[in-house]
Each structure stands twice: as C-alpha cells, then as structure tokens.
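Here is a briefing on backbone geometry, ring pairs and helix packing. Please keep the sequence and the model open while reading.

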Amino acid sequence: MKNIGVLGGGQLARMMAQAGRPLGLDFMFLCPDQNACAASLGKHLNAPYDDPVAHKELTEWADVVTYEFENVPLQVVESLEQQVALHPSSSALAVARDRLSEKNCFRSLDIPTAEFAPVNTLEELTAVMKGMGLPAILKTRTQGYDGKGQAVLKKETDLPEAWEQLGKRPCIVESKVAFQREVSVIAVRDQKGETFFYPITENHHREGILRLSINRLNDPVQDQANATIRKILEDFNYVGVLALELFQVEDQLFANEFAPRVHNTGHWTIEGAQTSQFENHLRAVCGLPLGSSQSENPAAMVNLISRLPDENQIRAVPGATPHFYGKAEKPKRKVGHITLTGDDCTMEEFDKRLAALLQMAGESQLAGQKFLDTALKPQFP
Ligand code: AMP
C-alpha cells in the first residue's frame, strides 16, 4: 500500500498527509474546494464528490481510499467501496451522518444516551416535549457541526422559533444533559481487529465550537470509555480511527455522537502521544501494524478560530507547537491549532503555559481556569 486517496481536502486530510509522508505514502485528494488546504501535500482532484471522471482517476491510482469528514455523499462512498479498498466502511458512515441512526445504534448496543426522539413536524415536537420536559436540544438529523443545526429549547414558547430556525427539517430532540464534563475517547482498530485506545480527552466548547482539549492520564472513566467505544468498533468490524464524544454525569458516561474519522479532540496526539491519531489511522487503513497510543505526559490542544496569533509568540512558549492550516482567516473558521506538551515541567507551569496560549487564541475565560490541578483527581459530587 502506497497510494492513499482521501475524500476531502481540508485540515484533517492535510494532517493525515503530513503524518503519512514520512511513512512513504503518497496522497490524492478529491475535494470540490479549489483552495483545499491539503492540496500542497499531494495531487488535488478539484471536482465535485460525485464526478465520475475523478472517481476513475482516484480508483485507478489509489491502493486504499479513506475520508476526512462525514458530509461526503454516502452514495459516493458506497460506490467507491465497490471499486477499491475503502476504510472506514460506508456502514459506519451511514450511521454517523444521521443523528437518529447514531442514537439508535447506541441504544441497540446498550450504550446510555440522553433521552431522545425523532421529530418531523412542529406538532410532533410539541407532543414529544410534553413527555420529555425542558430544557432540551433540537438538532437537525444531518449536516450539523460546530453547533450549527442546533437550538436549545428552554421554554415552551421557544419551540416554533427553533423549528423555523432549523429549517423545518427532520430533527431529533434530546433532553439536555447536566454534565460535569465533556470527554471524548479515540480508538484505532486494524484489519485484524487489534485495538488501541488513546487516553481520554476532556473538551471545552464555546458557542458550540471546540476551543480546548486536554488529555487525562489514568482517568477513572477511561475503562468505561474504552468498553463503550469497543462495542461500536466491533459492531462495525471497524478499520481506522474512531472518535466518540461523551457526557460525564457523576461517574457515568452518556454517548453523544461518534465520528468515523480522525477528530479535532485528538489533535494533541500529534506531539502528545507515541503515535498520532493521523499516523495510526493510516497504519490501520493500509494494513500496517498499529503504533503505540500511549501518552506519558500532560498534553493539550488549543483551537485557533477565526484568526491566527503571531507564530513567534507561540514558539516562545516551551512545549508549544503551532499548526497553521494554510486557510484564509474567517469568522468562526478553524484556521489552526496549538499543541502543548508538558514533558519537562510541573503541573503548575503547564497550566501557566496553557493559559498564555489560550490568551493568544482569544480564550480569556478559559485562560483563567486551572486545568491540571484537577486533572488527575476528577471531582464527583
Ligand atoms: P454536538 O454537535 O452534538 O456535538 O453538540 C455540540 C455541543 O452541544 C456538545 O459538545 C455539547 O456541549 C452540547 N450538547 C449537545 N447535545 C447535548 C445534550 N443532549 N445535552 C447537553 N449538551 C449538549
């Protein structure tokens, strides 16, 4: 395996290629965006996802095809899968791209979730809310990301406006979970079924967008998270990296959603784990042995949203590595991230460095918090 075809040409494809080139892999990206930021790392097929000429070129060249996000048309993935090795399979994608199928999948695997119900009309929503109670969250079944396609329902009079706002489309409504923290677990499974788990990541969002992720070593919920994601991996006979987002309430985890791909909450693994999520995804889809997913030290990732800080300022912080995606700055767009590793410092010093990076990223509220002091001893009420 040498030639990797990727559906999508954004930052996840770019970081995959950055991890794959040292392994001797070459890349071709099918991406309709002419400014695809992965393009400089391989051949860019600048065509719509369903373009048959591009499919011919991709399938003739690629030894294996993968994808970087869920919103690739499902039919395209199903059709390519008939012509070339493709991982993760279209069956995992089909479930992950529809919030209702995803929640039903969790239910069928006995994985706890928030209470949920499908709603197709405002009348159905009104009826469902009588049983479920407020607060709740209305989400479009497909195409939602970074807080888009979601509305919080606090009182009964919010329902008509929320229904309008989301475009009167098929939705699910979920009860709002009063979580103590949001975590994710990332795992990788190879073609023989060998599975490695990364240390869980604690995640902090603002305005529905991920701002900060921190790895949590030896966390009390790690085994629970591993057992949960393993059920999904085995159910799909999954190959590649899978990310599962969870809400923690006391010592119980509730599944929110999964992503059949490398994930923003795993970017800290680039410098913070022995093998990054990007490299392990490629190893899995190529049939290579997996690399260790261990991490011995605190690591964090700060997203750079809308604008990039000065690179010199970032590099002046020991243990910090800027990753700029080569994308134009634009409000609410992810244009880069910073990884921070703490191999050489105390927890107090790590918190200080993290606070400096959060300030540079414009996250002054998060910068005022202490993270590592609580890291190894999560507080359950
Ligand atoms: P999602 O697109 O489902 O990942 O949702 C984005 C963010 O909204 C999550 O990371 C949570 O912070 C919040 N959220 C989503 N669903 C729920 C829920 N059922 N209860 C509480 N918060 C939620």
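E250 sits in the loop between β14 and β15. Its phi is near 50°, a positive value in a residue other than glycine. The model is predicted.

- K332 is not a glycine, yet has a positive phi of about 70°. The residue lies in the loop between β17 (320-324) and β18 (334-341).
- The peptide bond from H87 to P88 is cis, and its omega is near -10°. P88 belongs to the loop between β5 (85-86) and α4 (90-96).
- A cis peptide bond also runs from L134 to P135, with omega near 0°. P135 is in the loop between α6 and β7 (136-140).

**Strand β15 and A259**

- A259 is part of strand β15. It counts as buried because its relative accessibility is 3%, and the cut-off for buried is under 20%.
- Leaving out residues up to four places away in sequence, A259 touches E70, Y238, V241, L242 and A243.

**Aromatic pairs**

- How many aromatic pairs does a search of the whole structure find? The search finds 5.
- One of them joins Y49 and F69: the ring centres are 6.1 Å apart and the planes stand at 45°, so the pair is tilted.
- This pair links distant parts of the chain, 20 residues apart. Y49 is in the loop between β3 (43-45) and α2 (52-61). F69 is in the loop between β4 (64-67) and α3 (74-83).
- Y49 is buried, at 12% relative accessible area. F69 counts as partly exposed, at 26% relative accessibility.
- F236 and F258 also pair, with ring centres 6.1 Å apart and planes at 50°, so this pair is tilted.
- The F236 and F258 pair likewise links distant parts of the chain, 22 residues apart. F236 is in the loop between α8 (222-235) and β14 (240-249), and F258 is in strand β15 (residues 252-259).
- F236 is buried, with a relative accessible area of 13%. F258 is buried, with a relative accessible area of 2%.
- Ring pairs join F106, F236 and F258 into a cluster.

**Helix packing**

- Helix α6 (residues 122-132) and helix α7 (residues 158-165) have axes that come within 10 Å and cross at roughly 135°. The two helices are therefore oblique to each other.
- Which hand does the crossing of α6 and α7 have? The crossing is right-handed.
- On α6, the contact is made by L122, L125, T126 and M129; on α7, by L159, P160 and W163. By class, this contact has 6 nonpolar residues, 1 polar and no charged ones.
- Helix α1 (residues 11-20) packs against helix α10 (residues 277-286) at about 75°, with the axes 8 Å apart. The pair is therefore roughly perpendicular.
- L12, M15, M16, A19 and G20 of α1 meet F278, E279, H281 and L282 of α10. The contact of α1 with α10 divides into 6 nonpolar, 2 polar and 1 charged residues.

How values were computed:
Residues numbered from 1 in each chain as written. Predicted model: local features only at pLDDT ≥ 70, side-chain atom pairs only at ≥ 80, totals over all residues. Heavy atoms only, no water. Phe/Tyr/Trp six-rings, centres within 6.5 Å; stacked < 30°, edge-to-face > 60°. Helix = DSSP H or I, 4+ residues; strand = E, 2+ residues; numbered from the N terminus. Buried < 20%, exposed > 50% of the residue type's maximum accessible area, 1.4 Å probe, protein only. Axes fitted to C-alpha atoms, helices over the stretch in contact; angles between N-to-C directions. Parallel < 35°, antiparallel > 145°, perpendicular 65-115°, else oblique. Left-handed = near helix turned anticlockwise from the far one by under 90°. Contact = heavy atoms within 4.5 Å. Nonpolar A, V, L, I, M, F, W, Y, C, P; charged D, E, K, R; others polar.
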